[in-house]
Amino acid sequence: MFNHAIVRPPGTTFTQGITTAGLGLPDLETARAQHREYVSTLKACGLSVSVLEPLTDFPDATFVEDTAVMTRDWAVVSRPGAPARLGETERMRPMLENRFQDIGAISSPGTLDGGDVLAVGTDYFIGLSDRTNADGAAQLARFLERRGCRAVTVSLKRLLHLKTGVSWLGGDTLLVTGELAGCEAFAGYKRIVVDPAEAYAANAIRINDHVILPEGFPDTHRRLDAAGYSVLAVNVSEFQKMDGGVSCLSLRY
Ligand code: CIR
């Protein structure tokens, strides 16, 4: 059950962020409109949403998920693996210090992007990626284990982040794609495998009674409908152009 979300609309430098998508430059006004729609969708799921100021000095700062890991009881300030994003955490920290008493932080030489951390109840899967190194993962694992949670690392080959390729749909069901579909770490779960042609739709978020899915992925949408999920599709095309998906745009607790 989530009650709150933190988001940050794209700033004027948004189109200068990091991308490998090869889908062309996003349109800033369209991105802003899509972000407003995304916030409305979070509210439709029952969340109160804190909207932070856009940051012009950090083009990727709209992808707030990468700056922290949190539950309602604690938060960990991350340490993003992309040098250009390192400073984003200091802009998130005051908000976290206002809300959480139990706060941890990843320190050098550790790096960790929140997009690499998938919570499945109290089980945490931590992707080892170009952004999250073993030291960062080990620091988070220690923090989690002291709070009664389990931490498991998953090595990524091609995916940007762990949650680019796997999402928790609630209960014991995961939505997975590509290199994660046959991953040993997820063997104990029911898996809905996304068609490679719709790989982007593997990044979805279960929020209370709904699953937020990117718009434009009819096969995945149909399969989630058929499995009984209440799917809310949002158009995030401009964020896809910058390698971001529906999870990256919010921190939820
Ligand atoms: C980046 O490369 O860092 C951003 N352009 C996209 C971050 C996406 N975040 C996420 O998947 N959690």
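## Ligand contacts

In this predicted model, a backbone N or O atom of I18 lies 2.7 Å from a nitrogen atom of the ligand. The side chain of D60 has an N or O atom 2.8 Å from a nitrogen atom of the ligand, and for the side chain of E65 the distance is 3.1 Å. A polar contact here is a pair of N or O atoms within 3.5 Å; within protein, one atom must be able to donate a hydrogen and the other to accept it, and residues adjacent in sequence count only if both atoms are side-chain atoms. On its own the ligand has 340 Å² of accessible area, and the protein covers 98% of that area (Shrake-Rupley method, 1.4 Å probe; for residues, only the protein chains shown count as cover).

The shell around the ligand holds 13 residues, with I18, D60, R85, M242 and C248 the closest; a residue is near a molecule if one of its heavy atoms lies within 4 Å of it. By class, the shell has four nonpolar, three polar and six charged residues. Ala, Val, Leu, Ile, Met, Phe, Trp, Tyr, Cys and Pro count as nonpolar, Asp, Glu, Lys and Arg as charged, and the others, Gly among them, as polar.

## Cavity

The ligand takes the space of the largest cavity, where a molecule sits in a cavity or pocket if more than half of its atoms lie within 2 Å of its grid points. On a 1 Å grid over the protein atoms alone, a cavity is a set of points where a 1.4 Å probe fits but cannot get out, and a pocket is an open set with protein on both sides within 12 Å along at least five of seven lines; lining residues have an atom within 4 Å of a point.

One cavity of 30 Å³ or more is counted, and the volume of the largest cavity is about 110 Å³. Grid points are joined across faces, edges and corners, and a volume is the space filled by probe spheres set on the points. The cavity lining includes I18, D60, R85, M242 and C248, and divides into five nonpolar, two polar and five charged residues.

The largest pocket holds about 800 Å³ of space. It has 33 lining residues, and F2, M70, A119, W168 and R252 are the closest to its centre. Elements that give two or more residues to this lining are β3 (68-70), β6 (117-120), β9 (166-168), β12 (205-207) and β15 (251-252); strands are DSSP runs (E, at least two residues), numbered from the N terminus. The lining has 18 nonpolar, eight polar and seven charged residues.

The second largest pocket has about 390 Å³ of space. Its lining consists of 21 residues, with L159, L160, T164, Y200 and D243 nearest the centre, and divides into seven nonpolar, 10 polar and four charged.

## Backbone

S108 and P109 are joined by a cis peptide bond, with omega about 10 degrees. P109 is in the loop between β5 (102-105) and β6. N208, in the loop between β12 and β13 (210-214), has a positive phi, near 55 degrees. Most residues other than glycine have a negative phi, and most peptide bonds are trans.

## Basis

Residues are numbered from 1 along each chain as its sequence is written, and side-chain values use heavy atoms, with hydrogens and water left out. In this predicted model, local features need pLDDT of at least 70 and side-chain atom pairs count only at pLDDT 80 or more, while totals for chains, interfaces and linings use all residues.

Technical notes
Helix = DSSP H or I, 4+ residues; strand = E, 2+ residues; numbered from the N terminus.
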